[in-house]
Amino acid sequence: MSAANLSALQRPNDRLRRRKAVNRGMELVAWLAAAIAVGLLGILVFSVAQHGASQLNLNLLTKSQVAYDPTAKQGLANAFAGTLVIVAVATAMALPVGILIAIYVNEFAQRKIRAGVGFVLDILSGVPAIVIGFFVYGLIVISHGQSGLAGSFALAILMLPFVARSTIEVLALVPNSLREAGLGLGAPRWRTTLGIVLPQSIGGILTGATLAVARTAGETAPLLFCSSIVGNGISWNPLHAVQSIPVAIFELSESPYPQDHARAWSGGLVLILFILFASLGARWLATRSRRKLGRAAR
Amino acid sequence: MSSLDTTNAVARRPFPGRRARFGDVLLQGVAGLAALGATFLVGLIVYKIVQGSKLSLSTFGLGFVTHIAWNPVAGHLDFGAGAFLFGTAVTSVGALILATPLALAVALFLSELSPNWLRGPVTALVETLAAIPSVLIGLWGILVLGPFLLNHVDPALHSALGFIPLFGPATYASNVFTAIVVLTIMILPIIASISRELFLGVPGELKEGALALGLTRWEMVRGVVFPYARGGVAAAMILGFGRAIGEAIAVQQVIGGFTGTHLLWNLFSPGDTIGSKIAANYQGSQTGLELSSLVYLALILLVFSLIVNVVAQVIVRRSARRLGTSA
């Protein structure tokens, strides 16, 4: 009798203890998951640094890749030059168009059209990169052959939604009092937009552009079909097919020779350093421009 | 998206009765043209891909999608997406199964548990993981991850779960399971960062109410946070899934490739997905029916990505509307 009473009294405590144990366990799982996510990034960056550092020298940047020869000092100069050209041209294509789209969406379009353009941008950013590569292959490469320009065009399609969406967000942050001040002074809308709204948000626009460049500089899939059949010389001419870092890494990674793997790692190290610095730089730009906008709003 | 609505109507419409200025019309015209161009571009992509696959479409019809064959030898030309579609399904579903619980736990850590000093850095690091180019993850997958899995993980899984047909014996470092792990790494940050924002959007008074009733933190998460963010988490999973089916480069590097003439029921043998099959043929030496069939594969990917994105958008918009009315 008394034993039954005791267990009835104890039962709530047991349950509470179990609930607390489950809670503790789940908190542990969440901590572990975060550690795994950060650890994965750490392992990736560490692997690239560990394998790539030994090859990271002037030869990598100045010598070009030649046919397999373990004794030759080989580098990726042609790939670095090609990536610079392709990404620069792609940025020159995507940046103005993206900013114009954002201006239209934010300063001119009505609510329904705004939602529609946002939808289109989402769809465009959801198209797999390999499909975009094949699209440009069918559009340009089949008739005109491979070229750096075709690769730039494919990369620009990937960049466009990035640039447009980040610029839309930044333009929306510009306080309306500034637009009203411009219009109130008698400036037409185009001057208010180009002379007041755009300069106010230039920091944010550059942040978005930097992030877009960082995200697309490592893209391989669009370039495979557009600019991959290349010689070993350094070429700065985007009218011909040029080598690029991602495509070089892709090809070298499937080679059976350890020397080629070493070069792939070192190219990857340069790429990853560029992406990390660009992302950090963009973050820094973002906090700076936000502070400036905050001052303007006050 | 809601931040867009802050633009004032004053700036939007010229004063009534005032003639539009040439500069205004010009800027609006050029900017509108750019927006129209983006829409046109989506249409052009669809058109070009459909056009490129026309030969294969007319030869094999819709049956191509499930037909299991890939024979480029002249005289025996026969192509079908079945085996690759199966590979895509296995790898992306596998990656989703591995990534979703992990991503939700990361998001919970960032939104509910993390000490303040740790929150910013961990959030930034998770987002940096999303910025690592796929070709580098693939390089790491071939040279580091693949051999590691082959020596330590694959045999263990085979001996523990070998009674399930999918967990066969491991022979090569480049196999379907390696591709699943690589895809998991790639979609983890996508699902985690969207879910984190959703969890942060759960109203504080609901959470405090649950805690005040005596629930533990986990019970609060299960009873309040998860139901509140359910729709959004589904959309995040769909977006991650879309990313996984569309990824070609990293998968092509680690999956090994196979003939595509049968369904592959072993996770630990080399395989192929739609994306990896396309990427493997990048030198563009194919002509005629084979090239057209490759474009048909791209068309299948394109259709899937369109469906996935539209569905995710609809879910996001619906749950945003629901949250908007309840707030």
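Across the interface of chain B and chain A, 2 salt bridges are found, in a model that is predicted. One of the salt bridges in the structure joins the side chains of R217(B) and E27(A), with 3.3 Å from N to O. The contact as a whole draws 87 residues from chain B and 88 residues from chain A, and the area buried between the two chains comes to about 8100 Å².

**Interface between chain B and chain A**

- Of the roughly 8100 Å² that chain B and chain A bury between them, carbon and sulfur atoms contribute 74%.
- Besides the 2 salt bridges between chain B and chain A, there are 10 residue pairs in polar contact between these chains, counted where both residues have pLDDT 80 or more.
- On the side of chain B that touches chain A, helix 2 of chain B, which spans residues 22–52, supplies the largest share, with 17 residues.

**The salt bridge between E27(A) and R217(B)**

- A search of the whole structure gives 8 salt bridges over all chains, and the pair formed by E27(A) and R217(B), at 3.3 Å from N to O, is a salt bridge of this structure.
- This pair crosses between chains, since E27(A) belongs to helix 1 of chain A, residues 2–52, while R217(B) belongs to helix 9 of chain B, residues 217–246.

**Two domains within chain A**

- Chain A is divided into domain 1, covering residues 2–55, and domain 2, covering residues 60–297, and the C-alpha centres of these two domains of chain A lie 39 Å apart.
- Where the domains of chain A meet, 8 residues of domain 1 are in contact with 8 residues of domain 2, and together the two domains bury about 710 Å², with 81% of that area on carbon and sulfur atoms.
- Within domain 1 of chain A, the residues that lose the most area to domain 2 are V48(A), H51(A) and Q55(A), which together account for 65% of what that side buries.
- The side of domain 1 of chain A that touches domain 2 consists of 4 nonpolar and 4 polar residues, with no charged residues.

**Aromatic rings**

- Over all chains, a search of the whole structure finds 15 aromatic pairs.
- In chain B, ring pairs link F60(B), F64(B), W70(B), F79(B), F84(B), F258(B) and Y296(B) into a cluster.

**Elements and extent of chain B**

- Chain B contains 12 helices and 2 strands, and, read from the N terminus on, its elements follow the order α-α-α-β-β-α-α-α-α-α-α-α-α-α.
- Taken along the principal axes, the C-alpha atoms of chain B fill a box of roughly 70 × 65 × 30 Å.

Key:
Residues are numbered from 1 along each chain as its sequence is written. Chains are lettered from A and ligands numbered from 1 in the order in which they are written. Side-chain values use heavy atoms; hydrogens and water are left out. Contact means heavy atoms within 4.5 Å. Buried area is the accessible area (1.4 Å probe) that two parts lose on being put together, summed over both. A salt bridge is a side-chain nitrogen of Lys or Arg within 4 Å of a carboxyl oxygen of Asp or Glu. A polar contact is a pair of N or O atoms within 3.5 Å; within protein, one must be able to donate a hydrogen and the other to accept it, and residues adjacent in sequence count only if both atoms are side-chain atoms. Helices (H or I, at least four residues) and strands (E, at least two) are DSSP runs, numbered from the N terminus. Domain bounds come from an automatic or database domain assignment. Ala, Val, Leu, Ile, Met, Phe, Trp, Tyr, Cys and Pro count as nonpolar, Asp, Glu, Lys and Arg as charged, and the others, Gly among them, as polar. Rings of Phe, Tyr and Trp (its six-membered ring) pair if their centres lie within 6.5 Å; planes under 30 degrees apart count as stacked, over 60 as edge-to-face and the rest as tilted.
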